[in-house]
Amino acid sequence: MSTTTENIVQVETSDEETPLLKQQRPKGRTPLPKLQIGIVLLLQVCEPLCSQSIYPYINELVSTLDIVQGDEKKVGYYAGLIESLFFATEAMTVLQWSRMSDRIGRKPVLLLGLVGTILSILCFGLSRSFWTLVVSRCLCGLLNGNIGVMKSAMGELTDPTNRAEAFALLPVVWAAGASFGPLLGGSLSRPADRFPQSVFAGQFWKDYPYFLPCLATATYTALTFVVTAIWLKESIPQKIKHSRKRVTSDASDITVTDRSPAEADEDDNAPLPLRSVLTFPVVISILNYVTLAFLNISVNALLPLFFHMPVAMGGLDLDPVVIGYIMSLYGAGSGLFQIVLFSPLVRGYGVRKTFLLSVSTFVPVFMTFPLMSLVAKYCGVGWIVWSLLGMVLGLLFLMDTAYGCIFMFVTASAPNKRSLGATNGLSQTTVSAARAIGPALSTSLYSFSIEYNVLGGYGVYAVLATLSLGALLLAVQLPHKLWGEEDADEVGDSEGDGGALKN
């Protein structure tokens, strides 16, 4: 009997050292799980709907509270602080929520976040003092870690053949929420003054003039909770028992050795430590996401303040209803732009070049604000101002395409599947911190520039335009291809529009 030892065969199914996007690609494009993706997108709407519904009336609300004492120049300080609090407190807990979702699953964390959003937005509508506004916004941020968890779920519901198609929907859905949020906030505020007295005749609506838009957004969130609880499936796969088999064969003996179930289970479910997640691809992707979010939230906070302030103080002196319509147009136009032009831009220029093109819009956007103000002061708010505003909105439509691109960079940078939640949680933590600083800084700079006549009252735009140039310098550090997509060109050529993106 021969005693020659045959080759040793090892079977290793762990993905511990396998980058997320370097897995074996299917030959054809995998169909998207439409129901599950649709529910995740419904969840995505909740944050912009709740956070941006306050923009049309927040400056008027601050003016009516006894904190600025009739000094309109100070409105920006307090309005920016309230807008920032959600993101500041979200930054404190979003990483913990995301890492918890790695352990207990995405669905429980998402449901808890929805409950926190409902309670906090209702408290905001019932607030009658500055400090109750502060507490309600803080609760909203502390109890809501859904934005990072949703992106993790989206990554788990897709693969490299359909991920671009799915992630292209995220900025579209965000734009839908950013459209309906301001529309609800502007249209439903002060119902006792604007709607039939037979419906809103009670003293309640006079005492709480901004509760109705909060109730509307909370109702949508409650319906989303029901849909999520019933139909959303857990996106984290069931625990897989990894085995490593050593087969030693000769003519008379076969030996098979397995890891114990406890060892396999522990190895499969232990998330990577944060120090292992902080690789260069993760860091550079997150830094670009942070600068994009900071500049974008700064524009979003400046727009309603610029519309609200008197013409003599560098604004346009518009009514909250008109402000709501403009902000809603911004959201709707951005969503339509993503649907029609996002894929052609990415196919024609690649993910990196599209991102660079989008980020480059910030400089002309910030420099157009003082131009609109000067025209309004000397010529009135006429067709020239509206034309310039239309140009700004068009540039912002293009700017929003950067989100679909950077989401793909962040997802591709994750070292493996088990680190996806931590990667998205880390990115959302830093982005939330940037979004906390952005509104407070930009609106405070606006008020400071007006109060102390910095560059004729336009110092805020010079600062933000300079920071925009820095964002461009950071954007060029991104690679020409997504990490793990060495064969992206070949896959894209064979799979058409829905395949991996070409760079």
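A charge counts as sitting over a ring if NZ of Lys or CZ of Arg is within 6 Å of the ring centre and within 35 degrees of the ring normal. Arg 137 lies over the face of Phe 124, at 5.7 Å from the ring centre. The model is predicted: local features need pLDDT of at least 70, side-chain atom pairs count only at pLDDT 80 or more, and totals for chains, interfaces and linings use all residues. Residues are numbered from 1 along each chain as its sequence is written, and side-chain values use heavy atoms, with hydrogens and water left out.

**The chain overall**

- The chain has 21 helices and three strands; these are DSSP runs (helices H or I, at least four residues; strands E, at least two), numbered from the N terminus.
- Of its 503 residues, 56% count as buried. Buried means under 20% relative accessible area, with a 1.4 Å probe and protein chains only.
- Among contacts (heavy atoms within 4.5 Å) with a separation of 6 or more, 81% join residues 24 or more positions apart.

**Gln 44**

- Gln 44 is found in helix H1, residues 34–52.
- Gln 44 is buried, at a relative accessible area of 2%.
- Leaving aside residues up to four places away in sequence, Gln 44 touches Ile 147, Met 150, Leu 170, Val 173 and Trp 174.

**Aromatic pairs**

- The structure holds 17 aromatic pairs. Rings of Phe, Tyr and Trp (its six-membered ring) pair if their centres lie within 6.5 Å; planes under 30 degrees apart count as stacked, over 60 as edge-to-face and the rest as tilted.
- Tyr 289 and Phe 407 pair edge-to-face, at 5.6 Å centre to centre and 85° between the planes.
- Tyr 289 lies in helix H14 (residues 280–308) and Phe 407 in helix H18 (residues 401–413), so their pair ties together parts 118 residues apart in sequence.
- Tyr 289 and Phe 407 are both buried.
- Phe 369 and Tyr 461 form a stacked pair, with 5.2 Å centre to centre and 10° between the planes.
- That pair links distant parts of the chain, 92 residues apart: Phe 369 is in helix H16 (residues 362–379), Tyr 461 in helix H20 (residues 459–475).
- Phe 369 and Tyr 461 are both buried.

**A ring cluster and a charge**

- Ring pairs join Phe 195, Phe 200, Phe 204, Trp 205, Tyr 208 and Phe 211 into a cluster.
- The charged end of Arg 128 sits over the ring of Tyr 208, 5.4 Å from its centre.

Methods. Buried means under 20% relative accessible area, exposed over 50%, partly exposed in between (1.4 Å probe, protein chains only).
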